[in-house]
Amino acid sequence: MNTDVEAGKATGAAETPEETGDTARRPEETPAAAHPDPTRDTDPTDTTDTTDTTDKATGTDSGTTDSNTTGSGSDAAPARRWPRVLAGILVVVLLAAGAVMYAAGRQLRDTPATSNLALTDSAATAQVAGEVTNALGKVFSYSPGGTAATKASAQQLLAGKALQQYAALFGQVEKQAADQKLTLTTHVVRAGVTGLTPDSAHLLVFLDQVYEREGKAAGKAAAQLSVTARLREGHWTIVEITSR
């Protein structure tokens with residue numbers, strides 16, 4: 001009994017090393033790192049294959065990456081210049097718009113309607129209307145013995161073309177007034193200032209004239225005149241008279 005048991009133990013003990021050796025010799029259980037591929041170059045300093053493999057796997061090209069990097073750097077400078085260019089354009093546009101608005105405003109201020117003081121300055125309008133009315137009443141009113149006074153008034157109140165025309169006609173009127181004992185009285189019914197600047201005025205004047213001859217009934221006539229006056233030494237002087 002004891003002999004068999006011991007023989008069995010001896011036999012079992014002998015099998016254990018064999019099983020251990022078989023296990024060690026199994027190729028499928030040996031780690032891959034223990035059997036490197038003899039055909040592969042394992043030089044750790046050579047990264048060319050790894051880089052190429054990575055490039056192929058990712059579908060990128062190292063040369064392309066470098067080019068893109070350089071291109072993005074060159075595109076950055078124009079991108080930084082654009083705000084300054086836009087700001088410059090904006091300044092030019094604003095200046096041009098301001099110039100246009102200034103010219104338009106000046107044009108509006110310089111239109112005939114706004115430069116006509118007859119529409120905006122009632123005091124100046126009343127002054128010129130009063131002085132022209134008074135002048136016409138004096139130069140177109142006379143009596144047989146008072147023509148000299150009328151001529152003297154004309155020399156003071158008329159000038160230019162108006163004085164020349166008046167002087168040419170008054171010579172005939174003066175003789176007629178003396179021969180026919182003619183008296184002429186002129187009343188300004190209405191004087192409207194159609195245009196007024198600081199030194200000139202245009203008026204439309206309506207007159208009623210009453211003429212009397214000695215021994216005859218008085219007659220009446222109406223007249224309409226266009227009058228131009230100039231401001232001289234603070235007073236309005238008639239420079240042109242046109243019958244309408």
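Thr185 lies in strand S1, which spans residues 182-196, and the model in which it is placed is a predicted one. Strand S1 belongs to an open sheet of four strands, ordered S1-S2-S3-S4 with antiparallel pairing, and helix H7 packs on that sheet.

**Thr185 and its surroundings**
- Thr185 is partly exposed, its relative accessible area being 28%.
- Leaving aside residues up to four places away in sequence, Thr185 is in contact with Ser141, Asp208, Gln209 and Val210.
- Although Thr185 and Val210 are 25 residues apart along the chain, their C-alpha atoms are separated by 5.2 Å.

**The sheet**
- The strands follow the order S1-S2-S3-S4, and because S1 and S4 (235-243) stand at the edges with a single partner strand each, one side of each has no neighbour in the sheet.
- From one strand to the next, the twist averages 30 degrees.
- Strands S2 (residues 200-213) and S3 (residues 219-232) run antiparallel and are joined by twelve bridges, with His202 standing opposite Thr228 of S3.
- Helix H7 touches S1, S2 and S4 as it packs on the sheet, and its direction makes about 75 degrees with that of S4.

**The pair of helices H6 and H7**
- The axes of H6 (residues 147-157) and H7 (residues 160-180) come within 11 Å and cross at roughly 175 degrees, which means that H6 is roughly antiparallel to H7.
- To this contact H6 contributes Thr147, Thr150, Lys151, Ala154 and Gln155, while H7 contributes Leu163, Tyr166, Phe170, Glu174 and Ala177.
- Sorted by class, the contact of H6 with H7 comprises five nonpolar, three polar and two charged residues.

Technical notes
Residues are numbered from 1 along each chain as its sequence is written. This is a predicted model: local features need pLDDT of at least 70, side-chain atom pairs count only at pLDDT 80 or more; totals for chains, interfaces and linings use all residues. Side-chain values use heavy atoms; hydrogens and water are left out. Axes are lines fitted to C-alpha atoms, for helices over the stretch in contact, and angles run from 0 to 180 degrees between N-to-C directions. Helices (H or I, at least four residues) and strands (E, at least two) are DSSP runs, numbered from the N terminus. Angles under 35 degrees count as roughly parallel, over 145 as roughly antiparallel, 65 to 115 as roughly perpendicular and the rest as oblique. Contact means heavy atoms within 4.5 Å. Ala, Val, Leu, Ile, Met, Phe, Trp, Tyr, Cys and Pro count as nonpolar, Asp, Glu, Lys and Arg as charged, and the others, Gly among them, as polar. Buried means under 20% relative accessible area, exposed over 50%, partly exposed in between (1.4 Å probe, protein chains only). Two strands pair if DSSP finds at least two bridges between them.
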